[in-house]
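Good morning, and thank you for coming.

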Amino acid sequence: MRGWERVAKRAMDVAGGAVGLALSAPLIGVAAVLIKQEDGGPVFFRQTRVGLDGADFEVLKLRTMVVDAESQGAGFAVDAGDPRILRIGDLLRRTSIDELPQFWNVLVRSEEHTSELQSPCNLVCRLLLEK
């Protein structure tokens, strides 16, 4: 991308991220209260992912599982009946509400809203070690 194209794309990302965050803020707020009421733990979950050219970036999501769930058995996928999933977490996952804080990631330039789903660092490392 040329300089002006990069600037225009970034401006669109910021505008889209700001609008998305503003529109989703009430839903994020309600979900945050419900998560906090269920187990008193943190509302948000941060995970390092591997992005373009192997660069790490941090993803911010609403927490849908018990605190420290990864240490209790991280897998490639989480089954619907996984006991680590919070009661409210099941609804947040099914409706993708847990993904709404990613608009913040766009604003702080961690991730662009047009990017593909990225892999968690621990998953990438595990796959590389298996080869």
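Let us begin with a polar side chain. In this predicted model, a polar atom of the Asn105 side chain lies 3.3 Å from the backbone nitrogen of Leu60. Asn105 belongs to helix α3, which covers residues 102-107. Is Asn105 buried or exposed? Its relative accessibility is 2%, and buried means under 20%, so Asn105 counts as buried.

I turn now to two other helices. Helix α1 spans residues 3-39 and helix α2 spans residues 87-95. Their axes come within 9 Å and cross at roughly 150°. Angles over 145 degrees count as roughly antiparallel, and therefore α1 is roughly antiparallel to α2.

Which residues meet where α1 and α2 are in contact? From α1 there are Ala31, Leu34, Ile35 and Glu38; from α2 there are Arg87, Ile88 and Leu92. Sorted by class, this contact has 5 nonpolar residues, 2 charged residues and no polar ones.

In soluble globular proteins, nonpolar side chains tend to be buried together. Here the largest nonpolar core has 11 residues, among them Ile28, Val43, Leu62, Leu86 and Leu100. Helices α1 and α2 each supply at least two residues of this core, and α1 gives the most, with 4 residues.

Finally, consider Ala31, which is one of the core residues and also takes part in the meeting of α1 with α2. Setting aside neighbours within four places in sequence, Ala31 is in contact with Leu62, Leu92 and Ile97.

Methods: Residues numbered from 1 in each chain as written. Predicted model: local features only at pLDDT ≥ 70, side-chain atom pairs only at ≥ 80, totals over all residues. Heavy atoms only, no water. Axes fitted to C-alpha atoms, helices over the stretch in contact; angles between N-to-C directions. Parallel < 35°, antiparallel > 145°, perpendicular 65-115°, else oblique. Contact = heavy atoms within 4.5 Å. Nonpolar A, V, L, I, M, F, W, Y, C, P; charged D, E, K, R; others polar. Core = buried A, V, L, I, M, F, W, Y, C linked by side-chain atoms within 4.5 Å. Buried < 20%, exposed > 50% of the residue type's maximum accessible area, 1.4 Å probe, protein only. Polar contact = N/O pair within 3.5 Å; in protein donor to acceptor, adjacent residues only side chain to side chain.
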